[in-house]
Amino acid sequence: MTTLLEPLRRIAAYAVCADSDGRVLLVRASESSGTPGTWSLPGGAVDHGEDPNHTVVRETAAETGLSVAVSGLADVLADMRALPERGITIHTDRLIYRVAVRGGTLADRAGERPTDLARWYTLDEARELPLRSFTARALGLPASSADVVPDEAPEFPSFYAVPGPDGLHRAQRFAAYAVCTDPAGRVLLTRVSDGYPGAGCWHLPGGGTDYGEQPGAALIRELVEETGQTGRLVELLGVASHRDAASLGPEGYPIDWHGVRAFYRVVVDQPNPLTVADVGGSTCEARWFAREELGALPTHHLTEVTAEAVQAAQLA
């Protein structure tokens, strides 16, 4: 039974790296890892406050000896895996980046690291390896059975802060947000409730994903809960990392927050009456803005993440 395992959660970043012959770079899990002998993309956990772009460069160098440059975001996905021998089950939000080699020499990293070999493989060769499930998906290969999947998603709090080395509570949170429009070109925003960071400001609809939940599915759920709208995912726009080292919210004490957010373009084909179902939560109002109205809003009336997303999507 995997339902009795202690749940953990983390955010990680990985590299899809191909050479001039079309081979992809893979690393093998060592005996000290939770899945020894399996192969995956190079990468690993995002440290608290670290930009995932930096994570994938750091981890690829540590696992392969190669220095890489990030060229773009390929995908964002989530998965659960059970490690019964360790008594845990892990939900990982994985950011998959396209990278190119800019230097270094391919080298194995024997020792106490979670990987011990690094190799270039053609896709046909990779197809025959015991691949981690997320790696097979990222490479467009048939699903692998290398991961043990829990029987069901365990209970896990959406808010989970732990004391950091400086004594301040810290929390790392993965969330998905929508740059959402309707057929008239209006943009959908939500207002932050009193008592929450950014209270009174307009924000993108969306929020933290649940344990075992894919980012896209979480976003569509949040859209219904916060605005009453049924949306359609169009594309992944990007990922942003933001650290607020002393955020004060309804918990009543300052928290060192590190948020990693995936942004999607979403279309509501047939707008419904705006409703906020999560009464008493972080959203108190939802509203459609014409683009000229949005452009006229002072920047301080928008949350930081909303101002950045609106500018990047050229909506105002």
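**One residue and its setting**

Tutor: Not counting residues up to four places away in sequence, Trp202 touches Leu189, Thr190, Arg191, Glu285, Arg287, Phe289, Leu297, His301, Leu302, Thr303 and Thr306, where contact means heavy atoms within 4.5 Å. The model is predicted, so local features need pLDDT of at least 70 and side-chain atom pairs count only at pLDDT 80 or more, while totals for chains, interfaces and linings use all residues. Residues are numbered from 1 along each chain as its sequence is written, and side-chain values use heavy atoms, with hydrogens and water left out.

Trp202 sits in strand β11, residues 202-203; strands (E, at least two residues) and helices (H or I, at least four) are DSSP runs numbered from the N terminus. Trp202 counts as buried because its relative accessible area is 3%; buried means under 20%, exposed over 50%, and partly exposed in between, with a 1.4 Å probe and protein chains only.

Leu25 can be set beside it. This residue lies in strand β2, residues 24-29, and is buried because its relative accessibility is 0%. Beyond four places in sequence, Leu25 is in contact with Cys17, Leu41, Pro42, Thr60, Thr64, Leu66, Leu106, Arg119 and Trp120. Its C-alpha is separated by 29 Å from that of Tyr211, 186 residues apart along the chain.

Two loop residues follow. Leu141 belongs to the loop between α3 (133-138) and β8 (162-163). It is buried because its relative accessibility is 9%, and its contacts outside four places in sequence are Leu123, Ala126, Arg127, Leu131 and Ala136. Leu141 and Ala45 are 96 residues apart in sequence, and their C-alpha atoms are 23 Å apart. Thr122 is in the loop between β7 (115-121) and α2 (123-127), and counts as partly exposed because its relative accessibility is 29%.

As for the domains, the assignment gives domain 1 as 8-139 and domain 2 as 170-313, with bounds that come from an automatic or database domain assignment. Their C-alpha centres lie 30 Å apart. Between them, 23 residues of domain 1 are in contact with 23 residues of domain 2.

Now the whole chain. Its secondary structure comes to six helices and 15 strands. The radius of gyration, taken over C-alpha atoms, is compared with a globule rule of 2.2 Å times the number of residues to the power 0.38: for 316 residues a compact globule would have a value near 20 Å, and the 21 Å of the chain agrees. Along the principal axes, the C-alpha atoms fill a box of roughly 55 × 40 × 35 Å. Of the 316 residues, 48% count as buried. Among contacts with a separation of 6 or more, 71% join residues 24 or more positions apart.

The chain exposes about 14600 Å², with 50% supplied by carbon and sulfur atoms; areas come from the Shrake-Rupley method with a 1.4 Å probe, and for residues only the protein chains shown count as cover. There are 27 positive and 42 negative side chains, and the centres of the two sets lie 4 Å apart. Lys and Arg count as positive and Asp and Glu as negative, while His and the chain ends are not counted; each charge is placed at NZ of Lys, CZ of Arg, CG of Asp or CD of Glu.
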